[in-house]
Amino acid sequence: RILVNEEVVKKNKLWPNFIKAKLGFRNHWYPVMFGKEIEEGKPVKAMLCGENLLLNRIDGKVYAIKDRCLHRGVAFSKKPECYTKETITCWYHAWTYRWDDGSLCDIMTDPKSDMIGKHRLKTYTVQEAKGLVFIFLGDIEPTPLINDVPPGFLDEGRAIRGIKREVGSNWRIAAENGFDSTHVFIHKDSKLIPNNETVIPLGFATDREEEAKGTLWEVVNNEDGPKGVYDNIGQHAVPVVEGKVDGETVLRPVIGGDKRIANQISIWMPGALKVDPFPDPSLIQFEWYVPRDENSHWYIQTLGKEVANEAEELEFEKDFNEKWEDWGLRGFNDDDIWAREAMEEFYKDDWGWIKEQLFEPDGNIVAWRQLASEANRGVQTLEDL
Ligand code: FES
């Protein structure tokens, strides 16, 4: 099986590793699910960057192993059997492994086997933060989680709530959909606009002078800390409020009110977006486009709110359940989901990266591709699976 067309990679001189990263990046932290999805002693499977994982909670702590028996390669998740809290036994020939270090500690069908104690399953470092379960997918010593999340996500006093969905497009298309300035056009009928008394322009007219000055986006690529790109088009370009064809105005945005949202949009390695504020002036949206396999991603959407105490957090949770999930994460972002799925066909054989014809406001997307191509800690390949 060939994952990426080498001919396409060779044609691109500016961001070749981005084209190669169809299955995402290695040696980065990715959220795979919410902590509440993993109950004590009940293994759950997850797919990340093409790898099959099995997660379990033991005495409150989450562990992750590769979901593939060393003996004949079957998935433990077909029929997870755990006879002690700390181990999992393969349903086929009873090879038994420890959750914490993956070691083969017993083989029930042949207790004297020389294999015992000599082999080890791949295990993954796990960290729970803000209700999300992050996995470090890689081979090096895990880096600090704070370098792989958008700035502010882990701040003390910021309550986080969210949802997770599986979407049928490659993760890169999703990341670019989120960071694409002029895709606001698809949201013009969103119920968020009247419901939350806000307004969204039809697009942004870029200023050639600002473009030449390089102010339309800003790359952050420091040695230590998160690496990302800020989109400044909202500040340096003119919002379009009349849609014209042949000089005739044919479309005007719905004006629901004067609440200002989405002032600052930024994208961060290994594939997370921060929209500040969104979908309300009191909230920030942090969302991840987590590679599942080459044609699908986990869309992990969260909202953050600064809270001073538990009562404020409960109030936020109530609003999240009654308004923000429906108006924002679903009502607004459902448009993004179908847009990504509509792009998948064009890019799935890789030639879309060559055939596309980008226009002026796409400069921030190109800056992101270059950053991702250069600043990653490794590209996931078929050999890694
Ligand atoms: Fe797992 Fe044989 S395949 S023990």
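## Basis of the model

The model is predicted, so local features need pLDDT of at least 70 and side-chain atom pairs count only at pLDDT 80 or more, while totals for chains, interfaces and linings use all residues. Residues are numbered from 1 along each chain as its sequence is written, and side-chain values use heavy atoms, without hydrogens and water.

## Overall form

The protein has 10 helices and 20 strands; these are DSSP runs numbered from the N terminus, helices being H or I of at least four residues and strands E of at least two. The C-alpha trace spans about 85 × 55 × 35 Å along its principal axes.

Of the 385 residues, 53% count as buried, that is, under 20% relative accessible area with a 1.4 Å probe, protein chains only. Among contacts (heavy atoms within 4.5 Å) between residues at least 6 apart in sequence, 62% join residues at least 24 apart.

## Helices α3 and α8

Two packed helices are described by the angle between their axes and the distance between the axes. The axes of α3 (residues 171–179) and α8 (residues 334–347) come within 9 Å and cross at roughly 130°. Axes are lines fitted to C-alpha atoms over the stretch in contact, and angles run from 0 to 180 degrees between N-to-C directions.

Notes
Buried means under 20% relative accessible area, exposed over 50%, partly exposed in between (1.4 Å probe, protein chains only).
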